[in-house]
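Q: I am new to this structure and would like a close look at one part of it. Could you walk me through the charged pairs and what surrounds them?

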Amino acid sequence: MSLDTVRLSQPAKDRLVRLKRTTGITQWNVLCRWALVLSLKDPSTPLVKDIVTDSNVEMTWKTFAGQYRDIYLALLKQRCVADGEDLTEENVARTLTVHLHRGIGYLGGHKELTTLEGLVGSVAAV
């Protein structure tokens, strides 16, 4: 497992397809960034640890994180430390995968987050 390539499971892809339609956000990486941050904001540990990344959606870390890749990497490392995990590349990559998928679940599971207005409103309270 590595941060070089970000891959999604088929259920996550299916949720993102619906979210792309309802929010009007057409880029996978933009929705995935929202999902990651929403999950990292939740202090609880994600329940699912093993995720099968079996869809045809994948992107490079550079595409996923864009110009803020250092910030996203720092957030992932901070979360590993907060969760008591060693700062290995594998642990950071696993943290990305589980939080990304939990965040996609949040986006698809809360009606208020399925619109652009809802997404923006979700961070207004932060």
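A: Let's start with Glu85, which is partly exposed because its relative accessibility is 24%. In this predicted model, its side chain meets that of Arg94 in a salt bridge, with N and O 3.8 Å apart. Salt bridges with shared partners link Glu85, Glu90 and Arg94 into one network. Arg94 has a relative accessibility of 25%, so Arg94 too counts as partly exposed.

The structure has five salt bridges by the rule used.

Another of these pairs joins Asp83 and Arg79, whose side chains meet at 3.2 Å, N to O. Which of the two is buried? Arg79 is buried, because its relative accessibility is 5%. Asp83, with a relative accessible area of 29%, is partly exposed.

Both partners of that pair also touch Thr45. Setting aside neighbours within four places in sequence, Thr45 is in contact with Arg79, Asp83 and Arg102. Thr45 sits in the loop between α2 (28-41) and β2 (58-60), and its relative accessibility of 41% makes it partly exposed. In sequence, Thr45 and Arg79 are 34 residues apart, while their C-alpha atoms are 9.8 Å apart in space.

Glu58 and Arg7 form a salt bridge in which the closest N and O atoms are 3.0 Å apart. Glu58 belongs to strand β2 and Arg7 to strand β1 (residues 5-7), so this pair ties together parts that are 51 residues apart in sequence. Arg7 is partly exposed, with a relative accessible area of 37%.

Charge meets a ring as well: Lys20 lies over the face of Trp28, 4.0 Å from the ring centre. Elsewhere, Trp61, Phe64 and Tyr72 make up one aromatic cluster, and the structure holds two aromatic pairs.

For a nonpolar counterpart, look at Tyr68, Ile71 and Leu75, which make a surface patch of about 280 Å². Tyr68 lies in the loop between α3 (61-65) and α4 (69-82), and is partly exposed at 42% relative accessibility.

To place these details in the whole, the protein has six helices and two strands, running β-α-α-β-α-α-α-α from the N terminus. Of its 126 residues, 40% count as buried. Among contacts between residues at least 6 apart in sequence, 76% join residues at least 24 apart.

Definitions and conventions: Residues numbered from 1 in each chain as written. Predicted model: local features only at pLDDT ≥ 70, side-chain atom pairs only at ≥ 80, totals over all residues. Heavy atoms only, no water. Patch = residues over 30% accessible without salt bridge, like charges linked within 9 Å, V, L, I, M, F, W, Y side chains within 5 Å. Areas by Shrake-Rupley, 256 points an atom, 1.4 Å probe, with all protein chains shown as cover. Salt bridge = Lys/Arg side-chain N within 4 Å of Asp/Glu carboxyl O. Helix = DSSP H or I, 4+ residues; strand = E, 2+ residues; numbered from the N terminus. Buried < 20%, exposed > 50% of the residue type's maximum accessible area, 1.4 Å probe, protein only. Phe/Tyr/Trp six-rings, centres within 6.5 Å; stacked < 30°, edge-to-face > 60°. Lys NZ or Arg CZ within 6 Å of the ring centre and 35° of its normal. Contact = heavy atoms within 4.5 Å.
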